[in-house]
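Q: Could you take me through this model one feature at a time, giving the general idea of each feature before the case itself?

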Amino acid sequence: MLTALARKEVRELLPLVLLGVALELYLACTATGMQLGFFEERGVGPIPFVSDQTSQLFFYVSGGLAFALGLWQTTGESSRGTFQFLLHRPLAREAIFGTKLAVGASACLGVALLPVATFGLWAATSGTHASPFTWSMTAWAWFLCVQMLLVYLGAFLSGLRPGHWLGSRFLPLAGCVAALLLMRTIADWQWSSLVASLALEIVLVLIILDVARGRDYS
């Protein structure tokens, strides 16, 4: 039954995921100078992942997708009135919402990691650009991919909990975005920032499961 639920989530999220993949690949092509399947001469250009601004746009797309997926998995169910049907299944609420979170988080990570890996492989290939490159330059990008889950979890919790849309409903999302920006400012993407993000993500998952368990869906 959990497999059927996971397939349902994949089917419903697939259009958004495909849109995100298309946008990320477009940005990756722009970052590498690729057009119509061919590389252009870039000469001495920005250093990939260091001074290349295009690579930072990856995370605007992945952040927007994380926001959309988190809200779609919660407010979409509410607007269609399907929460009652889901919760009528002989499964614990923790299992149902845990499955939704697993599918949504996997989609967010996959879309976020794809352009970083694509651009990194291009940058590491000899002869593609005139700038120096080592894989250590991409550390901040990998960390940020994981930290983008804060946006997803914040959006999921905002959509799940009761509240006014123009009032307190989006406080979890606002808090997660503020924490993400704060960690980037004071931790400079070191390992401490990653550990703090993972700890906060675990806390958010526990809060989501607690809200899901206690909410009245009638």
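A: Gln-147, for instance, lies in helix H5. This is a predicted model, in which local features need pLDDT of at least 70 and side-chain atom pairs count only at pLDDT 80 or more, while totals for chains, interfaces and linings use all residues. Residues are numbered from 1 along each chain as its sequence is written, and side-chain values use heavy atoms, with hydrogens and water left out.

Q: How many helices and strands does the chain have, and what pattern does it follow along the sequence?
A: The chain has eight helices and two strands, which follow the pattern α-β-β-α-α-α-α-α-α-α when read along the sequence.

Q: How far apart in space are Gln-147 and Glu-201?
A: Their C-alpha atoms are 8.4 Å apart, although 54 residues separate Gln-147 and Glu-201 in sequence. In another such pair, Met-1 and Ile-96 are 95 residues apart along the chain, with 9.7 Å between their C-alpha atoms.

Q: What span should helix H8 have, and what is the distance between its ends?
A: The expected span of a helix is 1.5 Å times one less than its number of residues. The 24 residues of helix H8 (residues 191-214) should therefore span 34 Å, and the end C-alpha atoms are 35 Å apart, which agrees. H6, with twelve residues, reaches 16 Å from its first C-alpha to its last, close to the 16 Å expected.

Q: Which residues of H8 and H6 are buried?
A: An α-helix has 3.6 residues a turn, so residues three or four places apart point the same way. In H8 the buried residues include Ser-193, Ser-197, Glu-201, Leu-204 and Ile-208. H6 is mostly covered, with twelve of its twelve residues buried, among them Leu-149, Tyr-152, Phe-156 and Leu-160.

Q: Which residues touch the most other members of the largest nonpolar core?
A: A nonpolar core is a set of buried Ala, Val, Leu, Ile, Met, Phe, Trp, Tyr and Cys residues joined through side-chain atoms within 4.5 Å. In the largest one, which has 53 residues, Phe-58, Phe-59, Phe-97 and Tyr-152 touch the most other members. H4 gives the most to this core, with 13 residues.

Q: How many disulfides are there?
A: A disulfide is a covalent bond between the sulfur atoms of two cysteines, and the rule used here asks for a pair of cysteine sulfur atoms within 2.5 Å. By this rule the count is zero. Among the cysteines, Cys-108 is buried, with a relative accessible area of 7%, and Cys-145 is buried, with a relative accessible area of 1%.

Key. Helix = DSSP H or I, 4+ residues; strand = E, 2+ residues; numbered from the N terminus. Buried < 20%, exposed > 50% of the residue type's maximum accessible area, 1.4 Å probe, protein only.
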